[in-house]
Amino acid sequence: MNVVYVEPAFPPTQRHFVRALADVGATVIGVGERPVDQLDDELKGWMAHYHQVPTVIDAGVLTDTVRWIQDKVWVDRLEATIESHTLAAAQARENCTIPGTSVRTAWLCRDKPSMKEALRAAGVPTAASAAVTAADEVQAFVDAVGYPIILKPRTGAGALDTIRVDDRAGLDEALGRFGAQAVESIAVEEFVEGHEGFYDTVSVDGNASLDFVSHYYPNVLEAMRTRWISPQFVSTNRVDAVPDYQDLRDMGARVNAALGIGTSATHMEWFFGPKGLRFSEIGCRPPGVGAWDLYSAGNDIDIYREWANAVVHGHVATRPSRRFATGIVALRPDRDGHISGYSGVDEAQARLGEWVIDAHLPSPGTPTQPVEAGYWANAYVRMRHPDYDVLRGMLDDVGRTVHVHAA
């Protein structure tokens, strides 16, 4: 099978998808923005050809490139695993009559108001939402739904530029921020109270062949706005043992059907609170910040290889063992600036070292990243343990013990 893979070199985790495709027997043709001489020999060795393009988010550029490749060889699949690449890849896929995620599906997974409208129509419980282009439209939404509300970019990923608004003063400030960025249209949503998590799958023909459930502590907005917190997300190994997770699996199946998702990785955010289980949003792609590495470390599985098996062979080859719960605790510097050192590392290592998967502790002198930049922005530790609750306690321990100092 010949697979065109979009942007194999950046970010660095992209190489895992290329390696996996080659491992399961695909002939991989990479299309990316970097010059070929910036790719290392190992990455180039997994590809039969690499084609540099000026951009991978322009459907016309991708279409012309894939047609050039089609003049040379048959193209069976065109795959993209980064959120911002998915729509252009879908448009090129349809222009070049290659099977895979459609433009409709890619659009519904990118545009949050359209996504939620489609899911409400299918009976999937989700927050009230709208696409707005003017302040009076936001006010009309508030009049109907009330505060608090959430404002976010229509096609953003993660919590970047997502704002909770509790009153009129906050609304004016938030709209001013979007206005300063010349944003023409944003998504406004009802605030959903409850615990937040995510449900990830490798789906084949719309069915979840592999699935994983993770929990945020605390919820993302609070985590990405509060410096002193060492936030975590933890992947549970109780998915098959706790009956309540079946509700999440059922919701995921309904979302896949409503949005027309076939064979693809998916990343679905959810809330569970006073109103029960509520869908938040989905990406037709793998999760970010190394979640798949945690799933692999906890389940005796190479999930990149299983994704490749799904794409190339139409099925996965192994099942998750659920042997370990796995998680990450993000460690924030005490101020913005440059990292000056760490404390508590040796103490934490002495108590918990046998359960550490890996740790990222940038060298002193490294510029710090803003708190809102995410779980991988500064330092972090990733761990695993057979008992989910014990793992949570250990991640808390690391968060209390290890401190990142900046000057």
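**A tour of the aromatic rings**

Begin by selecting Tyr5, Phe17, Trp292, Tyr304 and Trp307, which together form one aromatic cluster. The model on display is a predicted one. Across it, the count comes to 13 aromatic pairs.

Colour the surrounding secondary structure: Tyr5 belongs to strand β1 (residues 2–6) and Phe17 to helix α1 (residues 14–23), so the pair ties together parts that are twelve residues apart in sequence.

Now move to Tyr216 and Tyr375. The centres of their rings lie 6.1 Å apart with the planes at 20°, so this pair is stacked. Tyr216 is found in strand β10 (residues 207–217), whereas Tyr375 is in the loop between β16 (356–360) and β17 (379–385); the pair thus links distant parts of the chain, 159 residues apart. Tyr216 and Tyr375 are both buried.

The last two stops concern charges placed over rings. Select Arg164 together with Phe191: the charged end of Arg164 sits over the ring of Phe191, at 4.3 Å from the ring centre. Then select Arg384 and Phe324, where the charged end of Arg384 sits over the Phe324 ring, 4.2 Å from its centre.

Note on methods:
Residues numbered from 1 in each chain as written. Predicted model: local features only at pLDDT ≥ 70, side-chain atom pairs only at ≥ 80, totals over all residues. Heavy atoms only, no water. Phe/Tyr/Trp six-rings, centres within 6.5 Å; stacked < 30°, edge-to-face > 60°. Helix = DSSP H or I, 4+ residues; strand = E, 2+ residues; numbered from the N terminus. Buried < 20%, exposed > 50% of the residue type's maximum accessible area, 1.4 Å probe, protein only. Lys NZ or Arg CZ within 6 Å of the ring centre and 35° of its normal.
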